[in-house]
Amino acid sequence: MAQEAVTEYGLSKRHACRALDISRSQYEYEPKLKDDSLVAGMLQDLAVRYSRYGFKKLLSKLRQQGIADNHKRVYRIYCEEGLNMRKRPKKRLPVRNPEPLTAPAEINSSWSIDFMSDSLTSGRRFRTFNVIDDSNRMCLAIEIDYSLTSERVVRTLEALAMHSGAYPKKLRCDNGPEFISTVLSVWAKKNNVTIGFIEPGKPAQNGFIERFNRTYREEILDMYAFGSLSEVREITDRWIYEYNYERPHESLGNEVPGRYLNAVG
């Protein structure tokens, strides 16, 4: 007669079943786990195709494909596959108390800065970094490239300060990531430049450059189909000269920016 199997506690399975008051089949039962590979593979494929979908949308897509598994099981697989997307916390900005929008009487007292974007005929996006002097609305620079980082912003402002012989006393700008960066903050502190941030969602507080952006959009960006960045830069450079020295401005008494302060001085 074969020796009966012994449990880890030294009891035979028969005696263990009696002690627990359960049947032998219950004691030896081992659950058969459902294979997750099918659902996991489908979730991975859907996550690649719909990269910005969260769990609920992916679950709906699985339902469309005939997968009726419990949502709790699908969510477990979803997490095990590392597909749960992290939510990026919103950055809390300090309270902004911008000064009233007024045109200073001297050049280099206040510069307004802002970004714009457009695309080439190939569909590739590019950006522009625009700088004007608030005193006479003169366009100091329009930097154009596919990517314009905070380091590039600082290099442009530094070059303008070297060219004009003075740093601005104040920069007026919105709360874009390039403007609230440490790089710009350090540069401004080093050169005694105050950064005047407008309140979020209130572009009118940066009205001088918003009006400039509209003119640049209507007369250049919306007027031409650009094939390359060199075309954008070439046409923009010609337009800047026209804007500064030929185009009359109603806000300046129909004077051109390049001669405005001399005319009223």
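**Figure 1. Contacts of asparagine 130 in the predicted model.** Leaving aside neighbours within four places in sequence, asparagine 130 is in contact with Ser112, Ile113, Asp114, Met116, Ala141, Ile142, Ile209, Phe212, Asn213 and Tyr216. The structure shown here and in the following views is a predicted model. Asparagine 130 belongs to strand β2, which spans residues 125-133. The relative accessible area of asparagine 130 is 0%, so this residue is classed as buried, the limit for that class being under 20%. One of the contacting residues is Ser112. Serine 112 and asparagine 130 are 18 residues apart along the chain, and a distance of 8.1 Å separates their C-alpha atoms.

**Figure 2. Packing of helix α3 against helix α4.** Helix α3 comprises residues 37-49, and helix α4 comprises residues 55-64. The axes of α3 and α4 come within 10 Å and cross at roughly 120 degrees. This crossing is right-handed. From α3, the residues Val39, Met42, Leu43, Leu46 and Ala47 take part in the contact, where they meet Leu58, Lys61 and Leu62 of α4. Sorted by class, the contact of α3 with α4 contains seven nonpolar residues, one charged residue and no polar residues.

**Figure 3. Packing of helix α4 against helix α5.** Helix α4 (residues 55-64) packs on helix α5 (residues 71-80) at an angle of about 120 degrees, and their axes lie 11 Å apart. The crossing of α4 and α5 is right-handed. On the α4 side, Phe55, Leu58, Leu59, Leu62 and Arg63 form the contact. Their partners in α5 are His71, Val74, Tyr75 and Tyr78. By class, the contact of α4 with α5 has seven nonpolar residues, one polar residue and one charged residue. Leu58 and Leu62 of α4 meet residues of α5, and Leu58 and Leu62 also meet residues of α3.

Figure 4. Helix α9 has 17 residues, covering positions 229-245. From its first C-alpha to its last, α9 reaches 24 Å, which is close to the 24 Å expected at 1.5 Å a residue. Leu229, Val232, Ile235, Thr236, Trp239, Ile240, Tyr243 and Asn244 are buried in α9. These residues lie on the same side of α9, because they cover an arc of only 160 degrees around the axis. Arg238 and Tyr241, on the other side of α9, are exposed.

Conventions
Residues numbered from 1 in each chain as written. Predicted model: local features only at pLDDT ≥ 70, side-chain atom pairs only at ≥ 80, totals over all residues. Heavy atoms only, no water. Helix = DSSP H or I, 4+ residues; strand = E, 2+ residues; numbered from the N terminus. Expected span 1.5 Å × (residues − 1). Buried < 20%, exposed > 50% of the residue type's maximum accessible area, 1.4 Å probe, protein only. Arc of directions from axis to C-beta. Axes fitted to C-alpha atoms, helices over the stretch in contact; angles between N-to-C directions. Left-handed = near helix turned anticlockwise from the far one by under 90°. Contact = heavy atoms within 4.5 Å. Nonpolar A, V, L, I, M, F, W, Y, C, P; charged D, E, K, R; others polar.
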